[in-house]
Amino acid sequence: QVQLVESGGGLVQPGGSLRLSCEVYGFSLGTHAIGWFRQAPGKEREGVSCISSADGATGYADSVKGRFTISKDHVKHAVYLQMNSLLPEDTALYFCARSHDPIRGARIATTCSPTAYHDWGQGIQVTVSS
């Protein structure tokens with residue numbers, strides 16, 4: 001059974017850091033692209049960062065470039081999102097999701113959109129506030 005489970009969210013002050021984890025079950029990270037997405041109240045869900053299935057290619061939203069880093073561990077069946085220099089506008093419900101496609105190379109950046117991903121975790125709250 002395919003399952004994605006997020007963890008690591010919480011409340012952090014502006015300028016702080018958090019690392020989100022997405023543990024996956026029922027499939028291989030080597031055959032599916034994984035993305036992190038977020039949705040703030042009253043806004044549409046947006047792509048934050050995505051990572052390719054097998055070639056390590058990554059993509060980031062302009063708003064998080066230089067602050068967030070996506071990575072994965074095939075042995076631990078997990079994908080991570082390291083978030084540094086957090087801003088109040090990063091406050092949102094964060095989701096990880098699996099694409100049904102491997103999505104390699106430069107396409108990982110151009111397709112980092114909710115419409116390209118099909119199986120979703122339940123989401124975890126990140127709140128950046130003083």
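Tutor: Two strands count as paired if DSSP finds at least two bridges between them. The strands themselves (E, at least two residues) and the helices (H or I, at least four) are DSSP runs, numbered from the N terminus. The model is predicted, with local features needing pLDDT of at least 70 and side-chain atom pairs counting only at pLDDT 80 or more, while totals for chains, interfaces and linings use all residues. Residues are numbered from 1 along each chain as its sequence is written, and side-chain values use heavy atoms, leaving out hydrogens and water.

The strand to look at is S5, residues 46-51.

Another neighbour is strand S6 (residues 58-60), which runs antiparallel to S5 and is joined to it by three bridges. Here Ser49 has Tyr60 of S6 as its bridge partner. S5 and S6 also form a hairpin, with six residues between them; in that turn, Gly56 has a positive phi of about 80°.

Next comes burial, where buried means under 20% relative accessible area, exposed over 50%, and partly exposed in between (1.4 Å probe, protein chains only). S5 is mostly covered, as five of its six residues are buried. Cys50 is buried, with a relative accessible area of 0%.

Cys50 also takes part in a disulfide, meaning a pair of cysteine sulfur atoms within 2.5 Å. Its partner is Cys112, with 2.1 Å from S to S. The angle about the S-S bond is 80°, and the link of Cys50 and Cys112 is right-handed.

A search of the whole structure finds two disulfides. In the other, Cys22 and Cys96 have sulfur atoms 2.1 Å apart. That pair links distant parts of the chain, 74 residues apart: Cys22 in strand S3 (residues 18-25) and Cys96 in strand S9 (residues 92-98). Both Cys22 and Cys96 are buried. Counting bonded cysteines along the chain, the disulfides follow the pattern 1-3, 2-4.
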